[in-house]
Amino acid sequence: MSRTTAPPAEIAPVAAVLLGRVRELSARMARRIRAEVGYYGSDDHVPFEELCASCRHNAELVFGQLAHCRGSDMAPARETGRARALQGAPLGELLHAYRVGSELLWSELAAEARASAGVTTDTFVALAAWWMNEGLAAAAGEAYREAASALLLQRERERSVLVEALFTGLLTDSTTLWEAAGVLGLPAEGPYVVAAARVPAPGREALPGIEARLLAERTRSAWRLLPDLQIGVVAAHGPGGEEALLRALGRFPGARVGLSPPYDTLRETPRALRLARLALEGLRGETAGVSRFDDGPVSLLVAAAPEEAGRIARAVLARVLDLPADERSRLLETLEGWYTAGGSTTGAAALLYCHRNTVRYRLRRLEELTGLSLTDPRAVADLAVALRALRLLPPPDRS
């Protein structure tokens, strides 16, 4: 859009007359804007004195340029646009105000010009072209968009830093946590759930648009992209809170996501992230899906001491881990089914879709390989910890 076109010289005397009436015209403009544009309808957003001053600056700008036959200096309009963007004013309301003000100025200019003998039809046409090209609304709107974009980037950076601080445990004071929750749009109290999704490649989101999808479910969240993961804090309020998250995650069928158990205060977010990571590790290989962390005592014990739990797994199941992959998988799956069935071979057989004698044979094979008896409560506890460690932790180093 041009900013250098000069207005027709014949209009200068007319503009000079209006420039002398600018105080009265700007007051009328401010009253009309207040009456017709909702955002400016009270002092809540823009005090009337400030609105009058802005109208006067713009009227002086327009009539001064016409009176002195020079191109436009749109600095005041651009400054207004930037200021309204920072105030959070709707762009539509800003442009509406400029249209109302521009209409008033044009009608006054046209009336004064018609009364002047030196203004011809050609002058009117040239004036109209200048008026359109040098529109204040366009300048203000352009500055508004620039400022709004910069503000959006700044807020996204601030959000990213706050989310990072939550996950790393840098925010511990209750007041600071409350303020961070407000900036991030999260409720001040839980329950919350942490989600950790494996990214397809560094810099690419595993769950693009997840925050907007959850917001459509009336569920607030805050997310952070890491080189290997996309992690988020989700407000799981109400009985359907977690279900809303699962529905949203269901729209990413190829994603691999681990979920923490619900927790009550944002101070626990670093721990919840660790549990979500462990749940994600439970999805072996390239398996897609959502894995929830089992917050039973054995799982929590493994999560609290992962190195020691890994050492136990390697010690207790050493000979099982040395078996060919298919046989190892069958034996460990049978042991897990036996635990799930509460120690019942019949229940485990139903879960595994095999005969109970097959379950008994595999369990005896496990006893032989581990040297532990499933009738000994201490051995049962050792095997439970070892099995849970295998499921939650990365595969043990076989070297």
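Predicted model: local features only at pLDDT ≥ 70, side-chain atom pairs only at ≥ 80, totals over all residues.
Local features here require pLDDT of at least 70 and side-chain atom pairs pLDDT 80 or more, while totals for chains, interfaces and linings use all residues. Residues are numbered from 1 along each chain as its sequence is written, and side-chain values use heavy atoms, without hydrogens and water.

Biologist: Which helix gives the most to the lining of the largest cavity?

Modeller: A cavity is a set of points on a 1 Å grid over the protein atoms alone where a 1.4 Å probe fits but cannot get out, and lining residues have an atom within 4 Å of a point. Leu335, Leu366, Glu367, Thr370, Leu372, Leu374 and Leu383 form this lining. Helices are DSSP runs (H or I, at least four residues) numbered from the N terminus. With 3 residues, the greatest contribution comes from helix 17 (residues 356-370).

Biologist: How are helix 15 and helix 16 oriented to each other?

Modeller: Axes are lines fitted to C-alpha atoms over the stretch in contact, with angles from 0 to 180 degrees between N-to-C directions. The axes of helix 15 (residues 325-340) and helix 16 (residues 345-352) come within 8 Å and cross at roughly 120 degrees. Angles under 35 degrees count as roughly parallel, over 145 as roughly antiparallel, 65 to 115 as roughly perpendicular and the rest as oblique. Helix 15 and helix 16 are therefore oblique.

Technical notes: 1 Å grid on protein atoms, 1.4 Å probe; cavity = no way out; pocket = protein on both sides within 12 Å on 5 of 7 lines; lining within 4 Å. Helix = DSSP H or I, 4+ residues; strand = E, 2+ residues; numbered from the N terminus.
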